[in-house]
Amino acid sequence: MRKKQYSVIVFDLGNVLIPFNYNLIIQRLDKIEVGVGKKFYDLYKKNYQIHRQYEKGTLSDTEFLDIMLSWADHKIDREKFCHIYSDIFSENKKVTSLLPGLKEKYKLVLLSNTNHIHKKYGWGNFPFLIYFDKQILSFEVGAVKPERQIYEAAENFSKMPSNKHIFIDDILDYVNGAKALGWDAIQFKGYENLLGEFKKRNIL
């Protein structure tokens, strides 16, 4: 029997397992008051470092929400904002349908740039998460892709050599970050493409 090339399959979350749509935030805020959504999102994009700091865990929930509510002109309270900000995810069921079969042969790790509010109010209850042996989340480990430390956190969990890991992410910089550590990695370009890449490597 051919020896397995990989021991650990590491998946990104956003736009691989769960597509997301920030336009939903704009639409919902605009229902509260016309123009608030666009103003909010323009500020969000212009000050994207705030989003990144929150993902990295260097801003607390309170600090982040204070800024977000000011950008929304304090038209909503914290709880309402958390729901509006987080109800943007859907499940790519074609991709998540692969997880049970993969779980039988490999350790599965989730590795994501994400934040506490999105996990708590958004994606944290998706049923497919049960197939993952570990979630490596940027706000918990204090590092974001493509920083070396977040990939190393996955290796620290798996206890496997770098070349036994394969990573799937939609963003090329993050794919290259994994390759820099000696992982194999696939840029996600859709379900059919992923199947092809898996078959080339005898993963499926």
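Contact here means heavy atoms within 4.5 Å. I'm writing that down before anything else, and also that I'm looking at a predicted model.

**Entry 1: Trp 123**

I started with Trp 123, which sits in helix H8. Which residues does Trp 123 touch, leaving out those up to four places away in sequence? I got Leu 13, Ile 18, Phe 89, Leu 110, Thr 114, His 118, Leu 129, Gln 135 and Leu 137. Buried or exposed? Trp 123 comes out at 1% relative accessibility, and buried means under 20%, so Trp 123 counts as buried. I also checked Trp 123 against Lys 75: they are 48 residues apart in sequence and 25 Å apart in space, C-alpha to C-alpha.

**Entry 2: His 118**

His 118 lies in H8, and at 4% relative accessibility it counts as buried. What does the side chain of His 118 reach? I found the backbone oxygen of Tyr 85, at 3.0 Å. Again skipping residues up to four places away in sequence, His 118 touches Tyr 22, Tyr 85, Ser 86, Ile 88, Phe 89, Trp 123 and Gly 124.

**Entry 3: Ser 86**

Ser 86 is one of the residues His 118 touches, and its place is in helix H5. Its relative accessible area is 1%, so I put Ser 86 down as buried. With residues up to four places away in sequence left out, Ser 86 touches Ile 117, His 118, Tyr 121 and Gly 122. A polar atom of the Ser 86 side chain lies 3.3 Å from the backbone oxygen of Ile 117.

**Entry 4: H4 against H5**

Staying with H5, I looked at how it meets H4. Two packed helices are described by the angle between their axes and the distance between the axes. For H4 and H5 the axes come within 11 Å and cross at roughly 85°. Angles from 65 to 115 degrees count as roughly perpendicular, so that is what I call H4 and H5. Which residues make the contact? From H4 I have Thr 62, Phe 64, Leu 65, Asp 66, Met 68 and Leu 69, and from H5 there are Arg 78, Phe 81, Cys 82 and Tyr 85. Sorted by class, this contact has seven nonpolar, one polar and two charged residues.

**Entry 5: H2 against H3**

Next pair. H2 and H3 have axes 4 Å apart and pack at an angle of about 70°. That makes H2 roughly perpendicular to H3. H2 brings Tyr 44, Lys 45 and Lys 46 to the contact, and H3 brings Tyr 48, Gln 49 and His 51. The residues split into two nonpolar, two polar and two charged.

After H3 comes Gly 57, with a positive phi near 85°.

Pro 146 is in the loop between H9 and H10, and the peptide bond from Lys 145 to Pro 146 is cis, with omega near 5°.

Asn 15 is not a glycine, yet its phi is positive, about 70°. I found Asn 15 in the loop between S1 (8–11) and H1 (23–32), and at 30% relative accessibility it counts as partly exposed.

Lys 159, also not a glycine, has a positive phi of about 60°. Lys 159 is in the loop between H10 and S4, and with a relative accessible area of 67% it is exposed.

Definitions and conventions: Residues numbered from 1 in each chain as written. Predicted model: local features only at pLDDT ≥ 70, side-chain atom pairs only at ≥ 80, totals over all residues. Heavy atoms only, no water. Helix = DSSP H or I, 4+ residues; strand = E, 2+ residues; numbered from the N terminus. Buried < 20%, exposed > 50% of the residue type's maximum accessible area, 1.4 Å probe, protein only. Polar contact = N/O pair within 3.5 Å; in protein donor to acceptor, adjacent residues only side chain to side chain. Axes fitted to C-alpha atoms, helices over the stretch in contact; angles between N-to-C directions. Parallel < 35°, antiparallel > 145°, perpendicular 65-115°, else oblique. Nonpolar A, V, L, I, M, F, W, Y, C, P; charged D, E, K, R; others polar.
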